[in-house]
Amino acid sequence: MSVLTRDEAQTRARLLDVHRYTIDLDLTAGDDTFDSRTVIRFTVRADQDTTDTFVEVKPATLRTVTLDGQPLDPDTLNENRLPLKNLTPGEHELRVHAEMRYSRTGEGMHRFTDPTDGETYVYTQLFMDDVQRVFAAFDQPDLKAVFDLTVTAPEGWTVLANSITDHLGDGRWQAAPTPLISTYLVAVAAGPWHSVRTEHRGLPFGIHCRRSLARHLDADADELLDITRQCYDRYHEKFDEPYPFDSYDQAFVPEFNAGAMENPGLVTFRDEFVYRSAVTDTERQTRAMVIAHEMAHMWFGDLVTLRWWDDIWLNESFAEYMGYQTLNEVTPGGSGVEPPRWRGTDTWTDFGVSRKAWGYDADQRPSTHPVAPEAVDDTASALLNFDGISYAKGASALRQLVTWLGEKDFLAGINTHFARHRFANATLADFIDSLASHTDRDVHAWADAWLRTTGVDTLTPHIAPDGGTCTLTVDHTGSRPHRIAVGLYDQDVADEGRHLVLRERLDLDIPQTRPGEPHPIGKRPALLLLNDGDLTYAKIRFDPESFTTVTNALSGLPEPLTRAVVWNALRDAVRDGHLPATAYLDAARTHLPYETDLALVQGVLAFAATQIADRYLTPDQRPAALTTLTALCRDLLRRTEDGDNPGLRLIAVRHHIDAAAHPDTIAAWLADGTVPGGPELDPELRWRVLARLAVLGATDENAIAAELERDPSAAGQEGAARCRAALPDADTKAKAWASMFTTDDLSNYLFTATARGFWQPEQADLVREYVPRYFQDAIAVAARRGPAMADAAGRWAFPAHAVDPATLHLGEQCLRDGDPIPALRRKIADQLDDLRRALKVREG
């Protein structure tokens, strides 16, 4: 397939104005293909001579094409490009009739049959250039148009789209014409949906899911709709421009590759957000943040859209920042609904623990890039930039911008940006100009320093005595300016120093107004914490005395966000080789039993398990690490015996299962259907236990089949695939490998489930022969099945447990000689960088 280059897009944008797409989709043609008819009305600009261009389409069969009533030869289609030659200035009409393939990889028009009840659902995911899999289009974001959509669907189905749909009878559905939107934002979701509908401020709201998930959606409908209403109202307080579309539907769809997609008027979410098993309050908060994030896109991305993919951050960084900030601001229970338990907590704590670490990791790899890169030459390159930099680092940069600029001027600049570019396209320069119109600060210089550079700055404090007091200087490795808070904490003598008391928070600009000039801080604090409140994006270090205090009294810090900054600093120190991995485990063992914030508990345990125990420690050290984690989880279970904190208990149960080195305890839980003292084992916990028993060789195919009969759902199918791939049996491993890399029968989700089960640290000898095979077979499957499966193969099927120089050598040889497609090349390059880091950590 030919990818679109920036030069080609700019040339086509100079030639054409695209006005309207009239699209007719027939979803009744069978299980493999659907019928697609498209009429595109466009203008060749008057200042052009006779010219040539092309339209994109990826059909199973291209049936007919006419341009201005004259037939074109379908055989001129070259890969995904249909040439349009000798176009004269003026109005034109292109008609394309094609047979299109359904997808099982989450790209284009994805088709899914629910194993629970046999019902079938289809939905589109057209980002970044997958609209061509559904209908013919001039597929670039700056050729916005009106979309007029009609769909024929099987009887009993409901069709959802970007705008309000009407059922015309006989399975025909008509969607109202959209405002001007980009091709990648068109959306259709069709099937026998279970729907909950309401109205807010005159606008139709709806939430939708598969029928088999109906009772689970109904259980959370009040919470979901309340969050939606509250975010809607808060955005209207922030933004002068009203919500720009005629309805707001949220569809929870199966086998979705992303967390969600911001299609105007029809946001699609992965349907794991319809919880069928117990979840923590932090997981509910995360779901609410995603709702807030996607609604922010209605303005950032949908109303005002990037001109080309180098400005991805104008979409994702803003939605990420606005999602967390707005969720922090919305009024709990404002619609009369009882607020969730997490309401009132600081969403930035979860951001600091989970999202920000993602950004730090991505920004220290060779594949790092600026938040706003200047050279994104084509769509394949652009797709690689949807990562921790465009989301987490970009959001962190915006949080720092608001700290430096002030929220009033920031919002004024945003509203100017919307007014200037509504239903059009904009660039970084446009946005900075909008901000600059409301402040005397040099926003252009700030943007150059923050958005055009790569890497993570490091801030290191130095405290020196000055008479009876102390002064602070900060070593700054990096180039960005920072406005931070410095927390000065003293020990609480009343409880023998186990708790820390905030004495003062100082505001500090780095570089300082007078570089090198010490900053007075009074008497020596027990802990001096740079970036208290986590307002900037930088790694921070401790002075020796402060590190001693952290070791002894981390859990005694009064605020979760402060503790998140400390835990991130310890995490960075381990990854940089400044702190032994075992010391992080010791800190977790000491302080986590007293932690009250669920995001912190989950984040620390996840890093301790998946990075320290599984990768940073040698195989000989791993059993002791699992013993430590198991003991820590037992402490948390004892702490939660009274039932007051079910979320903390659930986290402890999950990690106890995952760290189990012996099967007896968790096998007894599975047999009894409950953990002593609770909780009862719901489907998620049952599959989790069975997967760990499979790794330990303490279950078999009969038990997996019995569990699948008990839970035949889509999630159950994934659980069974993971368990089967985890069985320590050579024939079973061979079968799992073939299913991933030979037959191409697995959907995106079943591929991921199988990959997650296949590699296990306990089974290194059994799967050793597959490590070199991976680097050949992954290249082949990525080439056959495309970017989404390449991402899955690079993320989940990589032999991450094989931390040794031989794996590194094989991977480097693969990148040098194997020619993987860009999506897989990026994933393998990142995995190899993580492998190098793990080897260095092991070396001490």
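At 62% relative accessibility, Asp819 counts as exposed. You'll find Asp819 in the loop between α25 (805–817) and α26 (822–843). Keep in mind that this is a predicted model. The backbone at Asp819 is worth a look too: its phi is near 55°, a positive value in a residue other than glycine. Most residues other than glycine have a negative phi.

Now hop over to Glu255, in the loop between β17 and β18. Phi of Glu255 is also positive, near 55°. Is Glu255 buried or exposed? With a relative accessible area of 5%, Glu255 is buried, since anything under 20% counts that way.

## Two cis peptide bonds

Most peptide bonds are trans. The bond from Phe127 to Met128 is cis, with omega near -10°, and Met128 sits in the loop between β9 (120–125) and β10 (146–152).

The other cis bond joins Ile510 and Pro511, where omega is about -5°. Pro511 belongs to the loop between β25 (500–510) and β26 (519–522).

Next, look for an open sheet of five strands with mixed pairing, in the order β15-β16-β17-β19-β18. Which strands stand at the edges? They are β15 (194–200) and β18 (260–261); each has a single partner strand, so one side of each has no neighbour in the sheet. For β18, there is antiparallel pairing with β19 (residues 266–270) over two bridges, and Met261 has Thr268 in β19 as its bridge partner. Helix α2 (residues 214–238) lies across β15, β16 (203–209) and β17 (248–253), running at about 25° to β15.

Elsewhere, β12 (residues 165–169) and β13 (residues 172–175) pair in the antiparallel sense over four bridges.

## Helices side by side

How do α5 and α14 pack? Helix α5 (residues 347–363) and helix α14 (residues 598–616) have their axes 9 Å apart, at an angle of about 5°. Angles under 35 degrees count as roughly parallel, so that is the label for α5 and α14.

Zoom in on the contact and you'll see Thr349, Asp350 and Val353 of α5 meeting Ala599, Leu600 and Gly603 of α14. By class, this contact has three nonpolar residues, two polar and one charged.

## Aromatic pairs

A search of the whole structure turns up 53 aromatic pairs. Take Tyr360 and Tyr537: their ring centres are 4.8 Å apart and their planes are at 35°, so this pair is tilted. Tyr360 lies in helix α5, while Tyr537 lies in the loop between β27 (527–530) and β28 (539–540), so the pair ties together parts that are 177 residues apart in sequence. Both tyrosines, Tyr360 and Tyr537, are buried.

Phe741 and Phe751 make an edge-to-face pair, 5.9 Å centre to centre with 85° between the planes. Phe741 is in helix α21 (residues 730–741) and Phe751 in helix α22 (residues 748–758), so here the parts tied together are 10 residues apart in sequence. Phe741 is buried, with a relative accessible area of 5%, and Phe751, at 1% relative accessibility, counts as buried as well.

Conventions. Residues are numbered from 1 along each chain as its sequence is written. This is a predicted model: local features need pLDDT of at least 70, side-chain atom pairs count only at pLDDT 80 or more; totals for chains, interfaces and linings use all residues. Side-chain values use heavy atoms; hydrogens and water are left out. Axes are lines fitted to C-alpha atoms, for helices over the stretch in contact, and angles run from 0 to 180 degrees between N-to-C directions. Angles under 35 degrees count as roughly parallel, over 145 as roughly antiparallel, 65 to 115 as roughly perpendicular and the rest as oblique. Contact means heavy atoms within 4.5 Å. Ala, Val, Leu, Ile, Met, Phe, Trp, Tyr, Cys and Pro count as nonpolar, Asp, Glu, Lys and Arg as charged, and the others, Gly among them, as polar. Two strands pair if DSSP finds at least two bridges between them. Rings of Phe, Tyr and Trp (its six-membered ring) pair if their centres lie within 6.5 Å; planes under 30 degrees apart count as stacked, over 60 as edge-to-face and the rest as tilted. Buried means under 20% relative accessible area, exposed over 50%, partly exposed in between (1.4 Å probe, protein chains only).
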